[in-house]
Each structure stands twice: as structure tokens, then as C-alpha cells.
Amino acid sequence: DPQGALKSSAEAAKSGVASAKVWQAATYAELEDFSTAEQNWPADDLLRLTYFERVAIYLDQGRWAQAKTESQRLQERAKGGDARLRQSQFPMAVALWASGDTDEARELLARAVDTAMSAVEAPSSAMDQRDDATLALHAALLLQRLGDGRAARRVTATLAGHPQLVAAQPVRALLAVADARESLLKEDAAGAIATLDPILDGTEPLQARVALLEAKLMAGDASSALEQA
């Protein structure tokens with residue numbers, strides 16, 4: 001309900017909630033009104049936290065250079081904030097990958113996994129631990145798409161020692177996607193499909209649908225792949 005989101009965020013913005021402008025910009029971007037999204041992005045000195053949505057807005061438009069520049073700026077801004085600094089590695093890696101700097105993206109993704117997994121083992125809070133597990137899984141999933149499954153196997157093994165964390169969303173669903181992509185790397189389309197089908201409840205992450213699309217193609221089921229697309 002983007003119009004409802006715009007109405008609610010506008011009310012919040014009137015009340016002086018600076019981050020509401022972030023959500024307004026993100027909603028305009030969802031509506032593909034990118035110029036209005038840019039106009040609504042708040043001045044940096046109004047924001048208490050580091051927000052990454054502007055990188056996504058540039059990526060949605062294929063503006064790779066701007067996405068990289070914004071990612072670099074956010075990494076500088078996030079210094080001194082451990083969780084946000086760790087998280088800032090991922091949008092930069094995506095921007096590098098999208099612009100063709102695959103080797104550099106791989107290196108940064110590997111570092112993101114390392115720092116996130118270290119934080120999972122020594123968390124500052126339950127929320128930060130969940131966010132770090134999510135960050136590690138996102139980075140590992142992109143590495144899998146680049147043909148490297150080592151990080152995903154490491155993350156899966158480490159998280160197995162944290163059953164309460166594994167039970168939380170989105171960690172549980174992203175782990176299923178990582179398991180499915182491990183099957184795809186082994187050219188086991190049936191295994192990937194069997195792993196993904198149980199998590200398709202309407203709350204599954206986009207990555208689940210992308211992996212399922214690839215699994216259906218690998219299995220030679222073009223019509224089901226089109227459904228996922």
C-alpha cells in the first residue's frame with residue numbers, strides 16, 4: 001500500500017521524525033518516481049543513524065557510479081558505529097558487483113562475512129546478533145551466486161550453534177535459501193526445490209524466489225520458472 005505508506009510517513013515527517021523522509025524517498029522509488037525520491041531524501045545532519053536505502057535507489061536506476069559513491073560516503077559516516085559499519089560493507093559490495101568489479105566485490109563480501117560472524121559469536125544485543133546473522137547470510141548468498149559456496153557453508157555451520165537465532169526470521173528463511181543454493185552449486189535442482197517449497201508462505205525473502213526460478217530452469221521446467229519470474 002504505497003499511498004498509505006506515503007500518508008503515514010508524511011504525518012511522521014510533520015512531527016519532526018527525520019527518518020520518515022527516508023521512508024518517503026524509498027516509497028517514491030518503489031513507485032519508480034526517482035526524481036521525487038531524490039528530492040525527499042533528508043539532509044545528512046538530520047539523521048541520527050546511517051541509512052542505506054539511497055544506495056538501493058541508485059541501484060534500481062542502474063546508476064552504478066552514484067551507488068558506489070554513496071556507499072563510500074556511508075562507510076565513512078558509519079565509522080564509530082560498529083553494527084552500521086559492518087552493515088555498510090554489503091551495499092558497497094553490491095555496488096561493486098553491479099558495476100563489474102567482481103573480484104573487489106568478492107573480497108568485501110568475504111570481509112563482511114568475517115566481521116558479521118565474529119559479532120554473532122560476541123553480540124552486543126540480541127537484535128544486533130540477528131542483524132549480523134542476516135548480514136552474513138546476505139553476503140554469503142551473493143558469494144554463492146558468484147560461484148563460491150565456502151562462506152555459506154561456514155555461516156551455516158556457525159549458526160547451527162545458535163538454535164534460538166536460527167529460529168528467528170529472516171535468519172531461518174535465508175538459511176533455507178543458502179542451503180538451496182548449495183544444492184544448485186551441486187546441480188541438484190530437485191534438492192533446491194525441496195528446500196525452498198516449505199518456506200513459501202508469503203513472507204519469504206525475494207532471494208527464495210530467485211533461487212527457485214534458477215532451480216526450475218535447471219530442472220527444465222520453463223513454465224514454473226516463468227511463474228517465479
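Colleague: How far does helix 1 reach from its first C-alpha to its last?
Modeller: Helix 1 (residues 2-14) has 13 residues and reaches 18 Å, close to the 18 Å expected at 1.5 Å a residue. The expected span is 1.5 Å times one less than the number of residues in the helix. Helices are DSSP runs of H or I with at least four residues, strands are runs of E with at least two, and both are numbered from the N terminus.

Colleague: Before we go on, what kind of model is this?
Modeller: It is a predicted model, in which local features need pLDDT of at least 70, side-chain atom pairs count only at pLDDT 80 or more, and totals for chains, interfaces and linings use all residues. Residues are numbered from 1 along each chain as its sequence is written, and side-chain values use heavy atoms, with hydrogens and water left out.

Colleague: OK. Which residue just after helix 1 has a positive phi?
Modeller: Gly-16, with a phi of about 90 degrees. Helix 9 (126-145) is also followed by a glycine with positive phi, Gly-147, near 95 degrees.

Colleague: Where is the positive phi in a residue other than glycine?
Modeller: One case is Glu-32, where phi is near 65 degrees. Glu-32 sits in the loop between helix 2 and helix 3 and counts as exposed at 64% relative accessibility. Another is Glu-187, with a phi of about 60 degrees, in the loop between helix 12 and helix 13 (189-196). Glu-187 is exposed too, at 67%. Exposed means over 50% relative accessible area, buried under 20% and partly exposed in between, using a 1.4 Å probe and protein chains only.

Colleague: And which peptide bond is cis?
Modeller: The one from Gln-169 to Pro-170, with omega near 5 degrees. Pro-170 is in the loop between helix 11 (163-166) and helix 12. For background, most peptide bonds are trans, and most residues other than glycine have a negative phi.

Colleague: Switching topic: how many aromatic pairs does a search of the whole structure find?
Modeller: One. Trp-23 and Tyr-51 form an edge-to-face pair, 5.9 Å centre to centre with 85 degrees between the planes. The pair ties together parts 28 residues apart in sequence, because Trp-23 lies in helix 2 (residues 20-30) and Tyr-51 in the loop between helix 3 (34-40) and helix 4 (53-60). Rings of Phe, Tyr and Trp (its six-membered ring) pair if their centres lie within 6.5 Å; planes under 30 degrees apart are stacked, over 60 edge-to-face, and the rest tilted.

Colleague: Is Tyr-51 buried or exposed?
Modeller: Tyr-51 is buried, at 13% relative accessible area, whereas Trp-23 is partly exposed at 41%.

Colleague: What sits over the ring of Tyr-51?
Modeller: The charged end of Arg-84, 5.7 Å from the ring centre. The criterion is NZ of Lys or CZ of Arg within 6 Å of the ring centre and within 35 degrees of the ring normal.

Colleague: Which residues line the largest cavity?
Modeller: Tyr-51 again, among others including Trp-41, Asp-44, Glu-70 and Arg-77. The lining divides into four nonpolar, one polar and four charged residues. Ala, Val, Leu, Ile, Met, Phe, Trp, Tyr, Cys and Pro count as nonpolar, Asp, Glu, Lys and Arg as charged, and the others, Gly among them, as polar. The volume of the largest cavity is about 30 Å³.

Colleague: What volume does the largest pocket have?
Modeller: About 940 Å³. On a 1 Å grid over the protein atoms alone, a pocket is an open set of points with protein on both sides within 12 Å along at least five of seven lines, a cavity is a set where a 1.4 Å probe fits but cannot get out, and lining residues have an atom within 4 Å of a point. Points are joined across faces, edges and corners, and a volume is the space filled by probe spheres set on them.

Colleague: Which residues lie nearest the centre of the largest pocket?
Modeller: Phe-90, Pro-91, Val-94, His-138 and Gln-207, out of 26 lining residues. By class, the lining has 16 nonpolar, five polar and five charged residues.

Colleague: Where does the largest share of that lining come from?
Modeller: Helix 9, with seven residues. Helix 9 has 20 residues and reaches 29 Å, close to the expected 28 Å.
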